[in-house]
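Colleague: Please take a close look at one part of this model. Where does it sit, and what surrounds it?

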Amino acid sequence: MGLSAAAATAKAARGKVVGDRKFMEGLFGWGGGEGSRWIVTGASPADQAGPDLLPVAHRTRRRAAVRDNARFLIHSHGEHPMTLDFTGRVAIVTGAGGGLGRQHALALAARGAKVLVNDLGGAVDGTGGSVSAAQAVVDEICAAGGEALANGASVTDFAAVQAMVQQAVDAWGRVDILVNNAGILRDKSFAKMDVSDFRTVVEVHLMGAVHCCKAVWPHMVAQQYGRIVMTTSSSGLFGNFGQTNYGAAKLALVGLMQTLAIEGERQGIRVNSLAPTAATRMTEDLFPADMLPAFGPHNVVPAMLVLASEGAPTR
């Protein structure tokens, strides 16, 4: 899901997604408020506004579209989304020991994917580490009848990331889906921030995604199929006080997505970004207590599933 609404619409299916706000909020967990943007796929940019159309929180994050020519996967108002089947697919989800990553891993496994659950198991600032967080999610998946492996590699270590990808290939023979979700926070105003904290956050978010993409890329090229989902943020798209490091890294992921999507198009590799707003360990202190339930990380999962599916768009 790229930054150009007009370009994305031109690539989208020719049908239209039409529905009232209640329907869309029920389907995706939240909707647009006053001043929100809405989109009708297949319409001209001038038509992309109105209270009865699909809300778009950020340009990198479209919540739904229609399926036409195997591009999009949500039907018109009054119908339910098509069932997404990941049987036979192999997914790697980084930062999957909790929060968004855990929900992504559980959802993919519940729909038939074999999932490698990666998590360093450290603190929010990236210190420490234990494979126990990843293993706990693997245990959940296996208890539900799924198939999963745990991995505690740091995404900042390219050799460890290569070994992680090889672990999945050795076990299941391929890698179809990569969800780059690993991240840390080291928030301070730019005036007070140490350069080492800036660099560490960039290393995890940006270079961590680069390492993972680089490691899976030859496998996806060889099989002529791949789905990569980046996790960007409104802090990068719009800015947020105290997050120059995080915002810079997150917006850089959009640039990475844009070019990888171009380079992967002929290889059957589709690359997209999510800009989620969710109450997780990293963000729970930012939300009033009464708002936490409305921003549960499970509400982001439907968008991820569309972007990781066979019929996904690209950027």
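Modeller: Two strands pair if DSSP finds at least two bridges between them. Helices (H or I, at least four residues) and strands (E, at least two) are DSSP runs, numbered from the N terminus. The model is predicted: local features need pLDDT of at least 70, side-chain atom pairs count only at pLDDT 80 or more, and totals for chains, interfaces and linings use all residues. Residues are numbered from 1 along each chain as its sequence is written, and side-chain values use heavy atoms, with hydrogens and water left out.

Start with the setting. The protein has nine helices and nine strands. Of its 315 residues, 49% count as buried (under 20% relative accessible area; exposed is over 50%, partly exposed in between; 1.4 Å probe, protein chains only).

Strands of a sheet pair through backbone hydrogen bonds, either parallel or antiparallel. S8 has a parallel neighbour in S7 (residues 177–180), joined to it by four bridges. Ile 177 has Arg 227 of S8 as its bridge partner. Leu 178 stands opposite Ile 228. S8 also runs parallel to S9 (residues 269–274), and six bridges join the two. Here Arg 227 has Arg 270 of S9 as its bridge partner.

S7, helix H6 (residues 195–223) and S8 make a right-handed β-α-β unit. Right-handed means that, with the strands pointing away from the viewer, the path from the first strand over the helix to the second runs clockwise.

H6 has a helix packed against it. H5 (residues 158–172) packs with H6 at an angle of about 40°, and their axes are 9 Å apart. Axes are lines fitted to C-alpha atoms, for helices over the stretch in contact, and angles run from 0 to 180 degrees between N-to-C directions. H5 and H6 are therefore oblique to each other; angles under 35 degrees count as roughly parallel, over 145 as roughly antiparallel, 65 to 115 as roughly perpendicular and the rest as oblique. H5 passes H6 in a right-handed crossing. A crossing is left-handed if the near helix is turned anticlockwise from the far one by less than a right angle, and right-handed if clockwise. The contact (heavy atoms within 4.5 Å) includes Phe 158, Val 161 and Val 165 of H5. On the H6 side it includes His 211, Ala 215 and His 219.

Ala 171 also belongs to H5. At 41% relative accessibility, it counts as partly exposed. Ala 171 and Leu 149 are 22 residues apart in sequence and 8.8 Å apart in space, C-alpha to C-alpha.

Strand S5 (residues 114–118) is mostly covered: four of its five residues are buried. Four bridges join it to S4 (residues 90–93), and the two run parallel. Val 90 stands opposite Lys 114 in S5. The chain crosses from S4 through helix H3 (residues 99–110) to S5, in a right-handed β-α-β crossover. S5 also pairs in the parallel sense with S6 (residues 148–151), over four bridges. There, Val 115 stands opposite Ala 148.

One figure covers the whole chain. Among contacts between residues at least 6 apart in sequence, 70% join residues at least 24 apart.
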